[in-house]
Amino acid sequence: MPHTNSTDVLLYGSVNEHGLNRAFELMQRQRPSLFTYATHDIATHPDKLPPAIAARLAAIEAANPELKRHGYPEITEERSLPVVFTGGTYALDYAVHLAVAAIDIDPPSVIAMPPAVPLPAQRMALHVEVLGAVGIPSPAMVSQLPPLPVTDKLPELKLDLDATNPTVIGPHDWATFQADLYLVGGAAFHGDRVKVFYDGLTFTGVFDPHIEALLEAYARLVVQLVVVPRLEARIPTHRVVTPGKLPAGISLPLAYDVALSRRIAPITANTEALPNPSFESDEVRVFLTVTQVPVPPPANSTPPAGTDPSGTDDGGLPRGGPDSPPPGGSTTTDVTGAVSATLVERVFADVVATLTGDFPGDTGSGVFKLGYDAAFHLRNDGAMTPTVTLQDDGTIYLRNLHVLWDRLRLTIDINIPTWVIGGDCLLWWEGKCAIRTPQVTFFGANPDLSIPLALDGVVNSSMSVDVGGRMAYWRNPARPPTESDWDAHVNKRPNGWRFRLNTPHVLVEPIDIVDTINAAFDAAVNVELDKLLKGVDDWAKDIVKAFLGGVAGILKTLLGAAASFADWLAQQLNLKDGFLGTVETLVAQWLEARFTIPLTEDPVVLLKPDPVKRVGPVLVPVSAVKLTINSSELVLEGSLG
Amino acid sequence: MDKLESLFSHIDADSGLLSGLSAVVHTFDEAGSFHLGILEHDEQVATSLLEVQHAEPPAGESDAAPVARGHHADLASLRRPRVGAPKRMTVDRGAPVLFNAASGEAPHAVVVRRAATSPAGLVGQPLGAGAADEVEPAPGPAAFDSRALGPGDIFSTVLLRPGTYALANTLGAGSGIVTVDYPVITPGVPYRPPGPVTIECNEDGFAPPQVGLKPCQGIVVHINTRARITVTLTAADDGPTRGATTAS
């Protein structure tokens with residue numbers, strides 16, 4: 001069943017619970033400070049951690065030795081826990097470690113949910129293990145503290161979290177607790193933004209049920225008042241993308257707004273509207289629509305409100321270089337992206353309308369050598385409309401690509417036949433020439449003439465392209481083999497995944513040359529011949545031209561059986577093993593080389609490094625990336641972790 | 001196109017002043033060592049050693065006549081031999097030797113005399129740069145002088161400039177007229193000149209005395225008397241659109 005349709009779901013993306021769990025596992029391993037909190041003395045002296053939490057961090061360090069090597073912090077420092085009624089004078093140490101045990105998406109398959117919070121349809125569940133400890137001072141330590149002033153009235157009851165420099169009573173022992181937090185929620189596109197909600201939250205563990213109920217009520221308020229609004233604000237509803245970096249000489253001023261679909265049209269015969277995002281079949285699914293928008297201003301100016309201005313970014317990955325065998329890893333499909341055939345057609349039409357090229361070069365060798373300086377655009381009118389078709393055989397077929405050459409300057413090199421004066425036999429001896437008169441030879445160079453020829457508006461060419469695509473892996477040659485993924489990312493030399501065209505099959509239709517080119521070519525040859533004979537008297541030029549048979553003689557030698565230069569040029573250009581074949585090969589090679597599109601570095605950056613907090617990136621390896629094409633859509637799949 | 005410019009700068013022809021496409025042919029009937037002097041404006045500017053050897057008959061044909069293998073001597077090249085090349089040449093007795101000055105700007109003449117001392121032991125051996133200078137010419141008449149051709153010699157040239165030329169034997173009484181047609185450009189048909197016209201230079205003049213040549217057609221003069229052949233442009237033909245002009 002296709003993931004997209006031809007109306008308002010033009011893009012599709014999904015990630016399954018296996019991929020999310022793997023991503024959270026890697027996040028806990030690479031950024032433990034997001035999951036571990038402690039007071040100053042404990043955070044700066046990890047040897048003082050409560051044993052249970054110290055064991056958890058030791059396991060993380062064992063799984064990721066890079067943490068220690070880089071000196072990244074594993075604990076986020078928090079304020080100490082005030083002792084109430086002391087007016088902020090005294091506080092206690094504590095430590096908390098959260099472990100995302102699992103994520104489960106409808107239907108339930110990963111987490112054994114407690115009866116209080118079942119996982120309903122179109123929802124996802126989160127199970128977090130909470131491991132905490134509060135430092136308990138000994139009575140002897142407390143007795144040595146300076147006494148607090150005794151007043152008639154008790155100090156105000158407050159947590160005094162804003163107290164400055166309280167006296168933290170060090171732990172004599174740890175009061176450790178462990179609980180499991182289960183949270184069920186979802187999201188829905190509502191109005192012009194994504195609304196996040198949750199259906200339930202519960203604690204299970206060592207707490208007394210009454211205390212758990214109290215905590216749950218408190219936590220629900222925190223989630224509803226604090227967490228949900230922040231999540232909603234952070235989820236973008238649309239994003240402007242541009243073509244990114246393009247080959248030199250190619251101009252393509254296009255931009256698109258990729259947005260969550262406001263209304264999901266039925267993908268199948270089922271007319272029931274579908275939620276977006278959708279939590280089903282163990283996946284989170286997002287359905288998007290795409291609209292062409294004006295090209296945004298340069299990146300350093302202020303983007304339109306409400307948009308994510310980052311656009312497409314190939315992360316600096318190069319387009320050149322050979323492919324490499326992809327790394328090993330999971331082969332299950334965790335993430336899926338799909339592009340509808342309709343979107344491919346729309347973008348192709350936009351590309352045809354806006355694409356222009358401007359490039360010099362040369363090709364050919366031997367007797368016929370052709371240099372060119374060209375600029376082109378694609379014809380797109382009522383009589384000639386380029387089309388693109390995704391085919392069920394896994395290929396993309398481009399038809400009616402009619403190239404209009406805004407500038408096509410050729411240089412045709414001509415080799416004039418060698419001309420000899422003299423060499424007559426003076427004496428014959430028994431049927432053989434014993435001695436000949438002196439002789440001189442001319443036009444022995446190759447080529448003798450280089451004829452510049454402007455074919456702007458004279459030559460048109462049509463071509464069709466049949467091409468498939470694939471995902472290819474690229475290993476950065478600048479990266480030392482022993483360099484870690486973290487170092488490679490920081491040093492800007494990561495490996496990556498890129499989209500590549502399979503060697504395209506290009507068919508160029510026979511090229512027509514208009515007859516008016518004949519006179520232009522005759523004149524050009526005459527001019528070049530006169531340049532060649534510069535400094536020679538007119539009578540001598542006439543001798544040379546008589547020997548050559550005039551310009552017509554040169555052309556006859558060049559053209560062979562062709563009736564005219566136009567015919568000859570058309571013949572030459574249309575030879576399958578000549579120019580035409582060369583163009584087809586060049587176009588195929590050009591497409592293959594130029595349309596290598598860097599997609600993402602590997603591992604993918606889930607969280608960027610933060611130099612201020614001195615934390616490294618969170619990287620998630622991507623493996624088993626593959627691209628499939630059918631008549632409905634183009635599908636990209638990959639595995640996380 | 002310097003080569004073309006150089007070629008078309010040679011208008012007149014003189015057997016005593018060889019240049020361009022002009023050449024003389026002489027056959028040496030006696031074997032031996034000869035002193036070859038190269039002259040520019042009647043002044044000797046270089047010498048070389050000419051060895052005339054008995055020609056070997058073909059293998060297994062001891063009674064057969066020697067093969068008439070012609071030789072070519074470019075005076076300009078002999079005057080300025082390549083570094084390391086011997087300043088000598090060897091030809092077969094009875095074989096025609098063609099002298100010209102194809103690669104030189106200034107016209108040259110050549111005078112060949114018997115060597116005063118035969119450089120025995122040097123034949124077949126490479127000579128140093130100064131070896132030919134050690135050979136002195138013997139007194140007496142020259143064996144060959146391009147300024148004074150004799151019976152059996154040949155003068156050939158190709159007159160490139162269209163027009164009318166005066167033909168003369170400056171050492172005899174002969175004179176004549178040579179006309180060279182203006183080229184006709186036939187579109188698509190490359191022009192190829194016919195073979196050379198041959199005339200005789202006799203004691204009483206040229207036979208025939210008037211010759212018509214097609215463009216770039218050669219003329220060959222067989223010498224039957226003492227002669228120095230000159231061909232001098234008297235009226236240039238600048239073609240049907242530009243008309244004829246009288247040469248100064």
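Helices (H or I, at least four residues) and strands (E, at least two) are DSSP runs, numbered from the N terminus. The model is predicted: local features need pLDDT of at least 70, side-chain atom pairs count only at pLDDT 80 or more, and totals for chains, interfaces and linings use all residues. Residues are numbered from 1 along each chain as its sequence is written, while chains are lettered from A and ligands numbered from 1 in the order in which they are written.

**Exercise 1. Two open sheets of chain A**

Task: Give the strand order of the 6-strand sheet and of the 3-strand sheet, and identify their edge strands.

Solution. 
Step 1. Two strands pair if DSSP finds at least two bridges between them. The 6-strand open sheet of chain A has the order 3-2-6-7-9-10, with mixed pairing.
Step 2. Strand 3 (76–78) and strand 10 (193–205) of chain A each have a single partner strand, so one side of each lacks a neighbour in the sheet. Direction ignored, neighbouring strands of this sheet are turned by 25° against each other on average.
Step 3. Strand 2 (residues 36–39) and strand 3 of chain A run parallel and are joined by 3 bridges. A:Tyr37 is placed opposite A:Thr76 of strand 3 of chain A.
Step 4. Helix 3 (residues 51–63) of chain A lies across strand 2, strand 6 (94–105), strand 7 (124–136) and strand 9 (173–190) of chain A, at about 130° to strand 7. Axes here are lines fitted to C-alpha atoms, for helices over the stretch in contact, and angles run from 0 to 180 degrees between N-to-C directions.
Step 5. The 3-strand open sheet of chain A has the order 4-5-8, again with mixed pairing. Strand 4 (81–82) and strand 8 (167–169) of chain A form its edges, each pairing on one side only. Strand 5 (residues 90–92) of chain A runs parallel to strand 8 through 3 bridges, and A:Ala91 stands opposite A:Val168.

**Exercise 2. The side of chain B that touches chain A**

Task: Determine how many residues of chain B are in contact with chain A, and which element of chain B gives the largest share.

Solution. 
Step 1. Contact requires C-beta atoms, placed from the backbone, to lie within 7 Å. On this basis, 39 residues of chain B are in contact with 31 residues of chain A.
Step 2. The elements giving two or more residues to this side of chain B include helix 1 (2–8), strand 2 (23–27) and strand 16 (218–223) of chain B. Helix 1 of chain B gives the largest share, 5 residues.
Step 3. By class, this side has 26 nonpolar (Ala, Val, Leu, Ile, Met, Phe, Trp, Tyr, Cys and Pro), 8 polar (the others, Gly among them) and 5 charged residues (Asp, Glu, Lys and Arg).

**Exercise 3. Chain B in outline**

Task: Find how many helices and strands chain B has, and what percentage of its residues count as buried.

Solution. 
Step 1. Chain B has 2 helices and 18 strands.
Step 2. Of its 248 residues, 41% count as buried.

How values were computed: Two residues are in contact if their C-beta atoms, placed from the backbone, lie within 7 Å. A residue is buried if 20 or more other C-beta atoms lie within 10 Å of its own, exposed if 12 or fewer, and partly exposed in between; C-beta atoms are placed from the backbone.
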